[in-house]
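This report is meant for someone meeting the structure for the first time.

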Amino acid sequence: MDRIRIKGGRQLKGDIRISGSKNATLPLMVAALLSDKKLVLHNVPRLADITTMIQLLSQHGVEIDAGTGENGHAHGTTLTLQTRRISSTTAPYDIVRKMRASVLVLGALLAREGAARVSLPGGCAIGARPVDLHIAGLRAMGAEIDIDGGYMVARAPKGLKGARYTFPKVSVGATENLMMAAALAKGTTVLDNAAREPEITDLAECLAKMGVPVSGIGTETLVIEGVEQLKAATHTVIPDRIETGTYAMAVAMTAGDVELVGARLDLMEAAAQSLRAAGVVLEKTNRGVHISRANGLHGVDVMTEPYPGFPTDLQAQMMALMTRAEGASMITETVFESRFMHVPELSRMGANVTIHHESALVRGVPKLRGADVMATDLRASVSLAIAALAAEGDTTLHRVYHLDRGYERLEDKLAACGADIERLKG
C-alpha cells in the first residue's frame with residue numbers, strides 16, 4: 001500500500017486549482033443510464049471513485065470515452081457517456097462494496113428497465129447509512145423491492161408512477177436516486193424535505209438539460225415531470241466545495257497565502273463563516289478564492305448539519321485545524337455516527353481531544369508532533385495530512401487509498417505550494 005510522508009513546518013504559498021466535485025460527478029454519471037443519447041460531462045476529477053463508477057456503469061452497458069479537457073475546459077477530464085441499451089440490471093457486490101454512491105444506479109435502472117438488482121452498498125466506515133429511504137421512496141412510486149442475499153431486488157413491470165414523497169429526514173443519496181427515477185416515471189413526482197446540497201442542484205440542472213422539467217431547484221421541494229425519452233446534453237461539473245474547504249484549512253494551518261483557483265465561495269457559506277470566526281481570511285477573486293490568516297487561530301464551535309449548514313465532510317478537517325487554535329472548540333457531529341475515528345490518530349500527534357457522545361472538545365495545543373498515523377476513511381485521512389503540515393518532524397500517513405477516493409493529486413498540489421510531501425510506493 002502507498003503511504004504519504006509529510007515533514008511539517010512549511011507555509012503554503014502559491015496557487016491550488018480546485019477539481020470538479022466528486023459528489024456531483026458520481027450521480028451525473030449515473031444519469032447516463034436514463035437515456036440512449038450522449039451525455040458529455042466536463043471538469044470531471046481524476047479519482048479512484050470515478051474509476052469505480054466507470055467500471056460499474058460499463059458493466060451495465062454504458063459506453064464511456066474519457067478525454068482530456070477540451071473546448072475551454074482545460075482542467076479535469078471530459079467524459080462522454082452513452083447507454084444505447086442496458087446490458088445488465090445487476091450491480092454486483094464486488095464493485096458496489098468499494099463505493100456507497102453505487103446505490104444510485106437503483107433508481108435509474110428501475111426507471112428505464114423496470115427491474116434492478118443492486119448489492120447493498122459499501123464505502124467509508126462511518127456508521128450506519130441505511131438505504132431504507134431509497135427503498136421507501138421507490139415503493140411510493142410503485143416499485144416492489146425485496147432484500148435477498150445482500151441485494152436489493154426491485155421490480156416495476158408496468159413502469160414507475162409519479163408520486164408525492166416526503167423524506168422523514170434529509171438524505172442526499174436518496175434524493176438523487178428518486179430524482180433519477182422520477183425522470184422516466186409516468187406523471188409528476190414531488191419530493192418534500194429534499195436535500196438542498198449544491199450537488200443536488202447540479203444534478204437537477206443536468207436533468208433539465210436532458211429534457212426533464214424540474215422546478216423548485218435549490219429548495220426543499222423538488223417537482224419533476226416524467227418524460228418518455230431524454231435527449232443529449234453537455235454539462236460542466238461544479239467545483240468541489242469539500243476540496244475547497246479542505247485546502248482553505250490546510251493553508252490556514254500553515255499560516256499560508258494561497259489562491260484556490262476555480263473555487264466558489266457561494267457553495268460553502270457555512271464553512272466560510274466558521275473559518276472567518278477562527279481568524280481565516282477568505283476573499284473572492286477573479287480566479288477563485290484567496291486564503292490567508294489574519295492574526296492567529298481562534299477556537300470556534302461547529303455543528304454539522306445538512307446543507308446549508310456546516311458540512312459533515314469538513315468536520316474532521318476543521319477538528320485538525322482547531323488542534324492548533326487558541327482556546328477550546330466544541331465540534332458536534334449530527335449527520336453520521338462513528339465519524340470521530342480520526343481522533344485517536346490526531347492524539348498520536350499530540351492533539352488534546354475529548355469525545356463525549358456526538359461531541360468532541362478540542363483544546364488547542366502549542367505544537368503537534370509527527371507520527372505514524374492511519375487513515376480510517378476519506379475525510380479523516382486528509383485531516384491527518386492537515387495536522388501533519390503544521391507538526392514538528394515527519395508524519396507518515398498509511399492507507400492513503402482512502403485519500404485517493406476523493407482528492408486528486410493531493411501531494412502534487414501541496415508540493416507545488418511549498419509543502420515537503422512525497423508519496424512512498426508499496
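In which strand does Thr77 lie? Thr77 lies in strand 5, where strands (E, at least two residues) and helices (H or I, at least four residues) are DSSP runs, numbered from the N terminus.

This is a predicted model, in which local features need pLDDT of at least 70 and side-chain atom pairs count only at pLDDT 80 or more, while totals for chains, interfaces and linings use all residues. Residues are numbered from 1 along each chain as its sequence is written, and side-chain values use heavy atoms, with hydrogens and water left out.

**The chain as a whole**

The chain has 14 helices and 24 strands, and its C-alpha trace spans about 65 × 45 × 40 Å along the principal axes. A compact globule of 426 residues would have a radius of gyration near 22 Å, and the 21 Å of the chain agrees with this; the radius is taken over C-alpha atoms, and the globule rule is 2.2 Å times the number of residues to the power 0.38. Of the 426 residues, 58% are buried, a term that means under 20% relative accessible area with a 1.4 Å probe, protein chains only. When contacts (heavy atoms within 4.5 Å) are taken between residues at least 6 apart in sequence, 74% of them join residues at least 24 apart.

**Strand 5**

Thr77 counts as buried because its relative accessibility is 12%, and its side chain is joined to that of Arg46 by a polar contact of 3.5 Å. A polar contact is a pair of N or O atoms within 3.5 Å; within protein, one must be able to donate a hydrogen and the other to accept it, and residues adjacent in sequence count only if both atoms are side-chain atoms. Gln82 also lies in strand 5, which covers residues 77-82, and Gln82 is buried, with a relative accessible area of 12%. Leaving aside neighbours within four places in sequence, Gln82 is in contact with Asp36, Lys37, Lys38, Gly61, Val62 and Glu63.

| Side chain | Partner | Distance |
|---|---|---|
| Thr77 | side chain of Arg46 | 3.5 Å |
| Gln82 | side chain of Arg84 | 3.4 Å |

Thr25 is found in helix 1, made up of residues 22-30, and with 0% relative accessibility Thr25 counts as buried. Not counting residues up to four places away in sequence, Thr25 touches Val44, Pro45, Ile50 and Val237. Thr25 and Asp49 are 24 residues apart in sequence, and their C-alpha atoms are 9.8 Å apart in space.

Helix 1 is largely enclosed by the rest of the structure, because 8 of its 9 residues are buried; among them are Leu26, Leu28 and Val30. At the start of helix 1, a side-chain oxygen of Ser21 comes within 3.4 Å of the backbone nitrogen of Asn23.

Helix 12, covering residues 378-390, is mostly covered, with 13 of its 13 residues buried. At the start of helix 12, a side-chain oxygen of Asp377 reaches to within 3.2 Å of the backbone nitrogen of Arg379.

Note on methods
Buried < 20%, exposed > 50% of the residue type's maximum accessible area, 1.4 Å probe, protein only.
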